[in-house]
Amino acid sequence: MLGIAAGLPPAALSLAYLAAAVLFIHGLRQLTHPRTARRGNIFSAAGMVVAVSATVLWFEILSPVVLFAGLLVGAAIGSWLAATVDTTDMPQLVGLFNGFGGGASALVAGAELVDLFGPSGATVAPVETTTAAAATGLIGGVTFWGSLVAAGKLQGFVEDPVHYPGENTLKTAFFGLAVLAGVALVTQIEISVLSAATWVPAYWMLVAAASILGILLVVPIGGADMPVVIALLNACSGLAAAATGFALDNSVLIVAGTLVGASGLILTFIMCESMNRTLTNVLFGGYSAGGPSGDVADIYTGNVMSTSPEEVAMLLDVARRVVIVPGYGMAVGQAQHAVAELAALLEANGVEVVFGIHPVAGRMPGHMNVLLAEANVPYEQMAELEAVNPTFSQTDVVIVTGANDVVNPSALSGESSPIAGMPVLHVWDAQTVIVNKRSLSPGYAGIPNPLFTYDNTYMLFGDAREEMQALVTEYKDTHR
Amino acid sequence: MGFVENLTLFVLAAFVGYEVITKIPATLHTPLIAGTNAISGITLIGSVVVAGAGQSTLATVLGFLAVVMATTNVVGGYLVSHRMLRRFRGREG
């Protein structure tokens, strides 16, 4: 099996893989600070180059044309997508890439089985290989199709969320089918319908069942839960690679895949904690529809004060500390540049400005930070929930734009609220709260927000971008 | 390598991953996902082996598709991560 690298000791390939693994880990360590993060990404990419080139050089390539055509086509698609995507659309692109990783793993395990049980091949495969292949097929199939649906939802191609009676039974049925095919593949005991001469068909049946399961799992999940889904699919694409590593007996696949799996799972749990929901609840539950929608209007009538950009500019004029709380609505309205300009103006006039960012403010973990960074907000201005909450009492003005559930005080009061226990930004502790929103309509959780009725809250009704731009103009006028 | 050695790698890598990832600030979570996403494209080396070995036409076709998908994942993931990280500037930058 030796290629161009013939003559080198057999350990050479393993050493190259070790070098790659070290580069991956070192690259991730550099991601702990924005200053070093770019370098870290390059280290990680270098690790990938080492691993792939070593593999290409080591193994005898019978069909180099096929291989290099594949590499070229993939590189072209990848760079085109990465170069053209809008930051707002980042979650669906990353979701799509996750899917490709998982899908590739599933295909590799399938091809490995095809070769193993090939014309001249064995009729019985080692149980470790078939188990690993079964795991790859299950995770890979779910990841590929689940990611496609998630990306479609984020892009607006697929209606969200879709609910139908008996959906959990259907999911269980397909999961059972996948497990059955997996067991047949692993044990290689003939089960009536699956009595093939080779066990390759059982593998494809497993992948098919996993694919349908992937679709069924993501279809009922709503847009605001996508941070969890994207993080989880990220973990799955890594675990699929790790499982492929077990099937191919390849060290760097196991190490790299596991790192990704760990990363994705940690992010998944951070996202779940940020909504005070369990993973099971996100995947199989969803907020119960209906709720106290009847009295939504009642709590607002006569209790809501509205304001104008002129008045807000006057408030800002005497403010010393301002916290801006952005929500996904800001990104939808493409208001981040106006918001960033306002922050820069305030800071130029000696006002302390902080962005208070809720972990689930965007459509994927850290999405809001990327949107703000692109609008030239320095990373020192971005504060996490735990850091910003104790500072609201010393804050003069809070500007909430495009956010709702993450600033809802009913999360703190009473078990009756669907968002009870969810960590929220305690904006009401500030002197004055300005909430920029189109209307009083409820957020994703479908519940009213008592914050809007507070004595220190003023509503700035209107489109996020228009209102923020008006605010920038007014503020500039008072500081001419 | 045997199954037990592979399992050892898996468990140790999981601990290393936990230690490293928990230290990454929320600000960088999107580039982290894009970057780890690219790392999960490591399955590309598996694709390279099956696409290149080409013991049967079916395996070669599957390998080709796997190479395309994994390369898209790797190249796209790193580039997108790089693009985002380039925008993260401090006050001085």
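**Exercise 1. Work out how α2(B) and α4(B) run relative to each other: roughly parallel or roughly antiparallel?**

*Solution.* Bear in mind that this is a predicted model.

Step 1. Start with how to describe the pair: two packed helices are characterised by the angle between their axes and the distance between the axes.

Step 2. Find the two helices in chain B: α2 covers residues 29-40 and α4 covers residues 57-87. Their axes come within 7 Å and cross at roughly 160°.

Step 3. Angles over 145 degrees count as roughly antiparallel, so α2(B) and α4(B) are roughly antiparallel to each other.

**Exercise 2. Which residues of α2(B) and α4(B) meet, and what is their make-up?**

*Solution.* Step 1. On the α2(B) side, pick out B:Thr30, B:Pro31, B:Ala34, B:Gly35, B:Asn37, B:Ala38 and B:Ser40. Their partners in α4(B) are B:Asn73, B:Val74, B:Gly77, B:Tyr78, B:Val80, B:Ser81, B:Met84 and B:Leu85.

Step 1. Sort the residues of this contact: you get eight nonpolar, seven polar and no charged.

**Exercise 3. Describe how domain 2 of chain A touches domain 3 of chain A.**

*Solution.* Step 1. Get the bounds from the domain assignment of chain A: domain 1 is 1-84, domain 2 is 89-285 and domain 3 is 293-478.

Step 1. Taken over C-alpha atoms, the centres of domains 2 and 3 of chain A are 38 Å apart.

Step 2. Domain 2 of chain A puts 16 residues into the contact, and domain 3 of chain A puts in twelve.

Step 3. On the domain 2 side, the elements giving two or more residues are α4 (90-116), α8 (226-248) and α9 (251-274) of chain A. That side divides into 13 nonpolar residues, three polar and no charged.

Methods
Residues are numbered from 1 along each chain as its sequence is written. Chains are lettered from A and ligands numbered from 1 in the order in which they are written. This is a predicted model: local features need pLDDT of at least 70, side-chain atom pairs count only at pLDDT 80 or more; totals for chains, interfaces and linings use all residues. Axes are lines fitted to C-alpha atoms, for helices over the stretch in contact, and angles run from 0 to 180 degrees between N-to-C directions. Helices (H or I, at least four residues) and strands (E, at least two) are DSSP runs, numbered from the N terminus. Angles under 35 degrees count as roughly parallel, over 145 as roughly antiparallel, 65 to 115 as roughly perpendicular and the rest as oblique. Two residues are in contact if their C-beta atoms, placed from the backbone, lie within 7 Å. Ala, Val, Leu, Ile, Met, Phe, Trp, Tyr, Cys and Pro count as nonpolar, Asp, Glu, Lys and Arg as charged, and the others, Gly among them, as polar. Domain bounds come from an automatic or database domain assignment.
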